[in-house]
Amino acid sequence: MRVAITGAAGLFGQGLVAAFSTRYEVVPLTRADADITNAEALLAVLERVRPELVVHPAGIPDLDICEADPARGFLVNCQGTRNVVEAARRVGAGIAYISTDAVFDGKKLAPYLETDEPRPLTVYGKTKLQAEQAVKTWAKHWIFRVPVLFGPGKTNFVEKGLRKIASGGEYVVGNDQWGCATHTVDAGMKIMEVVEKGPCGLYHLSNQGSCSRFELARLAAQLAGLDPEKVVGVPDAMLRRRTPRLKYAVMEMGALRQAGFALPRPWQESLADYVRTVLK
Ligand SMILES: NC(=O)c1ccc[n+]([C@@H]2O[C@H](COP(=O)([O-])OP(=O)(O)OC[C@H]3O[C@@H](n4cnc5c(N)ncnc54)[C@H](OP(=O)(O)O)[C@@H]3O)[C@@H](O)[C@H]2O)c1
C-alpha cells in the first residue's frame, strides 16, 4: 500500500512516517511539498502520488496561535482538512485524520468516550471539531483523537522540560490538568493496525493510563536521572496563558476495545523508552 503523510516534518508526522515505513511505501509530504490550504496544488500532488491512504496530521496544534489568529487556525486546520478530504476522495484514497482531546470542554470529570458530545472551548478545539465533521463526509475515514504527544524528531512538552532542567533551570507546569499522553510512534503503529483491520470511524488513542502534566514532567525528569523537584507544579491559572488548558481530558479508548484491539502500552513504559533517547 502507498501511504501519503501530510505534515511529515512535524512531531507526529515524523512518528507516523517511522511507523508506516515499517510496512508500507510512504510518501512524506511537508508543507513545501503540499500546502494543504492550496486545494489545486494539493490535488495535483495526490494525483501524482496516487496513495491508497492519506494520513493527515498537518495543521496548527498551538492553542495560543489559533486563539490569537482564528482566521489562520480555521484556514489551516479546517479548510486545509476539507481540501485533504476532497483530494483523497478524488483519488479514491482513505483518510486517517489526527484530532485532539481539545474537542471536549474538560468538565465531565470522568473519562470521555467517543460517544460523548464534543463541546470545544477554544478556537483550536473548534477548528479540529469542524475538521472532524469534514472528514466524516468521506466514507473511507478514520479519526484518531490523541492527547499530549512526545516522541523523537521535534521538541515537545517532555523534551522542553528535560532540557530546561539539564541546563540548570526549573520547569514550571500546570498541576491541575489531567489527561492522557502518547508516544508518537506507539500511536502511529496502532493507527496502522486500525486502518488495516478495523472499521472506519472515530477512535480515542493514547498510551494506557492517565496522568497530570506535572506527573508526566516529573517522571520524565526522574527517568532521565535529573532532579524531579525541579519540576514545579502550579495552578494553570498562574501560568497566565492566553488560552486556559483543559482541567480534565482523560479519554477512554472504547472504540479500540470494542473492535477487539489491544491497547497501547502504559504511558510510563513508552516515556521511559523515549527519555533514554533525549539527552544523549
Ligand atoms: N502536539 C500535541 O501534543 C498534540 C496533541 C493532540 C493533537 N495533536 C494533533 O496532532 C497533529 C500534529 O501535531 P504536531 O504536534 O505534530 O504538530 P507540528 O509538529 O506543528 O506539525 C504539524 C505540521 O503541519 C505542517 N503544516 C502547517 N501548516 C501547513 C499547511 N498549510 N500545509 C501543509 N502542512 C502544514 C507544519 O509544517 P511547518 O512546520 O512547515 O509549518 C508541521 O510540520 C495536529 O493536527 C494536532 O492538532 C497534537
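**Exercise 1.** State where Arg50 is placed, and decide whether Arg50 is buried or exposed.

*Solution.* Arg50 sits in the loop between helix H2 (39-49) and strand E3 (53-56). Helices (H or I, at least four residues) and strands (E, at least two) are DSSP runs, numbered from the N terminus. Residues are numbered from 1 along each chain as its sequence is written. The model is predicted: local features need pLDDT of at least 70, side-chain atom pairs count only at pLDDT 80 or more, and totals for chains, interfaces and linings use all residues.

Next, apply the burial rule: a residue is buried if 20 or more other C-beta atoms lie within 10 Å of its own, exposed if 12 or fewer, and partly exposed in between, with C-beta atoms placed from the backbone. Arg50 has 12 other C-beta atoms within 10 Å, so Arg50 is exposed.

Last, look at the backbone angle. Most residues other than glycine have a negative phi. Arg50 has a positive phi, near 50 degrees.

**Exercise 2.** Describe the shell around the ligand by element and by class.

*Solution.* Helix H1 (11-20), helix H4 (70-91), strand E4 (94-100) and strand E6 (148-150) each supply at least two residues. H1 gives the most, three residues.

By class, the shell has 14 nonpolar (Ala, Val, Leu, Ile, Met, Phe, Trp, Tyr, Cys and Pro), four charged (Asp, Glu, Lys and Arg) and eight polar residues (the others, Gly among them).
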